[in-house]
Amino acid sequence: MTTLTTAERKTDTAVARTSEARTSALRTVNPAARARSGSSVHRSKKSIALTVAMVLFLIYALVPLAWLVINATKTQEDLFSSFGLAFGSSFALWDNILATFAYRDGIFLRWLGNTLLYVVVGAGGATLLATMAGYALAKYSFPGRRAYFAVVLGSIAVPGTALAVPTFLLFSQMGLTNTPWAIIIPSLISPFGLYLIWVYTIDSVPTELLEAARLDGASEMRTFFTISIRLLAPGIVTVALFSIVATWNNYFLPLIMLSDPAWYPLTVGLNQWSAQASGVAAEPIYNLVITGSLITIIPIVAIFLFLQRFWQSGLSAGSVKQ
């Protein structure tokens, strides 16, 4: 019993000393706390300014989307008789969707299939080629490596529109114009994607891991497709999204390469529908153009939402110290 009492006294003494130490520490830190409170007020002012800027940016980004969704529910008459961000007298979204797919024997569905073909083959091939080339530049030494990399960096600065006319002349001599290859082959080249994979490979694929795989007897191709691809997943997804968006929104190249409406992508096809409103035999179908534009952005949104998990799962890539 005496031992227990002594232990309790020691505990009380320790608690008292701890409370005194905390009190003195608070008194000592009090001026610093005041300084921090002043800086927090200053930071809160900055936060308010940043919040206002982000709200304005959000409005700038969402208002066109809201306009597109709202006007896709209107008839041709309501488009010109009602406010742009207000619904019309009738809800015609489903009628507009059916009319879009049925107009001119379902040419919109053909354009959608063409766009998917260009994206799957063109953007998918561009992602694969950029991944393999960027990985090789980052992990292998070969003659002309520096010159090749300099050419890649220089090609990033050249806009695609500047190469459209020379590409058309080249493909015209080869007899490839007005064919899907005129869109797919130029889409296979992605200098920015190659550069992005090169940078990402240096930080996320440890050289020691590759050497260990080689010591275990794994070939270079097996090492690339079983080990490196998994580590490069976030970078590959980023390059794929850039390539998909660029191919999906490609307009100028198909415009000069294709003359047969059967091979048009959605961008050129919807522009042709919009052009029907002018001329001698004008046939305005703005309600179908707006509805088709809304349908066009749905796959891109779905792709972003689907591939987002690969970004989240790969946030720790590149954290290995070498």
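**Exercise 1.** In which helix does Asn114 lie? Work out its surroundings too.

*Solution.* A word on the ground rules: this is a predicted model, where local features need pLDDT of at least 70, side-chain atom pairs count only at pLDDT 80 or more, and totals for chains, interfaces and linings use all residues. Numbering runs from 1 along each chain as its sequence is written, and side-chain values use heavy atoms, with hydrogens and water left out.

Step 1: find the element. Asn114 sits in helix H4, residues 107–139 (helices are DSSP runs of H or I with at least four residues, strands are E runs of at least two, numbered from the N terminus).

Step 2: check burial. Asn114 has a relative accessible area of 4%, so it counts as buried (under 20% relative accessible area; exposed is over 50%, partly exposed in between, with a 1.4 Å probe and protein chains only).

Step 3: look for partners. Leaving aside residues up to four places away in sequence, Asn114 touches Ala262, Trp263 and Tyr264 (contact means heavy atoms within 4.5 Å). The Asn114 side chain also reaches the backbone oxygen of Tyr264 at 3.0 Å.

**Exercise 2.** Describe the protein chain as a whole.

*Solution.* Step 1: count elements. You'll get 14 helices and zero strands.

Step 1: check burial overall. Of the 322 residues, 31% count as buried.

Step 2: sort the contacts. Take those between residues at least 6 apart in sequence: 70% join residues at least 24 apart.

**Exercise 3.** Which residues have the most contacts inside the largest nonpolar core?

*Solution.* Step 1: pick out the core. It has 28 residues, and Met257 and Trp273 have the most contacts inside it (a nonpolar core is a set of buried Ala, Val, Leu, Ile, Met, Phe, Trp, Tyr and Cys residues joined through side-chain atoms within 4.5 Å).

Step 1: see who contributes. H4 gives the most to this core, with seven residues.

Step 2: zoom in on Trp273. Beyond residues up to four places away in sequence, its contacts include Phe108, Trp111 and Leu288.

**Exercise 4.** Which element gives the largest share of the lining of the largest pocket?

*Solution.* Step 1: list the lining. There are 23 lining residues, with Pro159, Gly160, Pro186, Ile189 and Pro191 nearest the pocket's centre (on a 1 Å grid over the protein atoms alone, a pocket is an open set of points where a 1.4 Å probe fits, with protein on both sides within 12 Å along at least five of seven lines; lining residues have an atom within 4 Å of a point).

Step 1: H11 supplies the largest share, four residues.

Conventions
Polar contact = N/O pair within 3.5 Å; in protein donor to acceptor, adjacent residues only side chain to side chain.
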